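Here are my notes on the model you sent. Please read them with the structure open.

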Amino acid sequence: MEEEEIDIISKIPEDLLRRILSLVPSKEVARAKLVSKAWQNIFEFLPSFDFFFLRRTLEFIPPRSPPPGDITDDMSSFINAVDSALKLHKHLTLHKLKLCLDLDLIGSGTTSLMLMIDSWIDAALERKVGNLDLWFLRRDGDLDHLYLLPVKVFSARTITDLCLDECRLEISGDTNIDLPGLRKLCLRRIQCQGDEQPVQKLISSCPLIQDLETSFCSRMQWLHVSGLANLQRLSVVNCYELESIQIDAPRLQYFQYHLYHGVLPCDIVFTSSSSEFLKELILYDDRHITEDFFQSLLVRFPNLEILDMLCGLQRIEISHNRLKRLDLRPIKADAMLKIDTPNLQSLNYIGYRMPLISAIASLNTSSLREVAIDFVNLNICSYFPILQSKEFFEKLRHCQDMKLHLHIKSKQQLMIPGKLREILSPPVYYIKHLYLTVDNCLGYQDIIDSVLWMCHPQTLSISPGTAPMFLKSSITILGTKKNTSSVVFLVPPNVGDIIGKRFKLMMMKAKRKLTE
């Protein structure tokens, strides 16, 4: 029987096998050569390769850090694997190459190393690579020793997706840029050399780009996006030297701008043709957003459906008829909010309690289906806004899902005084699902008791971040409450075996109490 199974694996058609293995990390494919003789040469024929040579324990986690299983420490075997994969069978088209190297680990100062990397990129270009993703990590932050990208990359007519991370670009006025097929361009931690605006020249030379991202790029003072009739997504993240952004993109649907702790303000200008189709706006700037600028954006984007905002405004007024999702993160603890969004379906609030309390009166909740609240900085001297939160819950008649994340350090913060309980109206029963997470809490029983005084959901889901003792106290409290037979506990999928067994035991005890 075992021999038959081995024969079945060996007889898999090569075309099908290549499609399957192209979805597997390159390191695992190399190991798979040991499974069958028929697989020994299949590695070099794959259409896509992902190669990583990084430390197993990174000093910091970059935004695109690879999974640990894809990291190899043996430099010689790594070089041989890349050489055999890219330089053999040059007649075969290469769909994708992702190459991530820790230059400090393998010696960035050696000329032979740079020439070797150049040869790999040359081989990929000769095989008409379509998706080229290059990341050359430098831990010491020395921008002058970043890898200098070969100019020939900018004339590779087959490239459709180009992502460059921690490279130097030297693009002058006579540099030939010919990327007619480029649809997606990502520039991350790029150092601009030579001409003051090599990034600008690169962008303007690729008129068919649909997705453009610039993140942490240095020596870039202005970004003018024009002549890109097909551009749909634009992201500008923490380019701290940027002083001006001008956008003329008639089909733009998504715009993301991040500037965290930026010293210089950036002037952002949209032309009238760039406003009609924008549906998603992400705006993170903790220092420089003004009220007039923000209001002008809301007026300029009539079809906006998603707004994700972090700002330091003292007064935040959001009025929009088509907005469906709002993610709000006010910086100031005493900020005033006014929200008039009749078609809002999802609200995610992360911040201090007072801004949200100020918005309760103006908030139209007729269309709300999902609400998530994460109060920050509740210290020992501050109390959870019980009355205001209950008023907020009472307005959520149409809301089905409610997520409540509490940072509680003392049970006194959430305790409801006896006199207040005598005049408090009955709990809110409209909320169907309550997702609850409590961090660093003491007095578990008092906390769950206070929550149930505010609202009584049909389903209570305890988040994985919640302590096991809170689960036990929750079941104990609910087991003594009346009319709680509809309360269901959802066990988090990543709870450990020991906690899971204790949880199941507590569940059995709770069910017996509820049926008595």
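Buried means under 20% relative accessible area, exposed over 50%, and partly exposed in between (1.4 Å probe, protein chains only). This is a predicted model: local features need pLDDT of at least 70, side-chain atom pairs count only at pLDDT 80 or more, and totals for chains, interfaces and linings use all residues. Residues are numbered from 1 along each chain as its sequence is written, and side-chain values use heavy atoms, with hydrogens and water left out.

1. Arg-315 pairs with Glu-317 in a salt bridge (3.4 Å, N to O). The term means a side-chain nitrogen of Lys or Arg within 4 Å of a carboxyl oxygen of Asp or Glu. Arg-315 is partly exposed because its relative accessibility is 37%. Glu-317 is partly exposed too, at 25%.

2. Arg-325 and Asp-327 form another salt bridge (2.9 Å, N to O). Arg-325 has 38% relative accessibility, so it counts as partly exposed. Asp-327 has 4%, so it counts as buried.

3. Arg-189 meets Glu-166 at 3.7 Å, N to O. Arg-189 sits in the loop between β7 (184-188) and β8 (191-194), Glu-166 in the loop between β5 (161-165) and β6 (167-171). The two are 23 residues apart. Strands here are DSSP runs of E, at least two residues, and helices are runs of H or I, at least four, numbered from the N terminus. Glu-166 is buried, at 8% relative accessibility. Asp-165 joins both residues in a salt-bridge network.

4. The salt-bridge count comes to eleven.

5. Helix α6 (residues 111-126) has 16 residues. Its expected span is 1.5 Å times one less than its number of residues. That gives 22 Å, and the end C-alpha atoms are 22 Å apart, which agrees. Buried residues in α6 include Leu-113, Ile-117 and Trp-120. Just after α6, Lys-128 takes a positive phi of about 55°.
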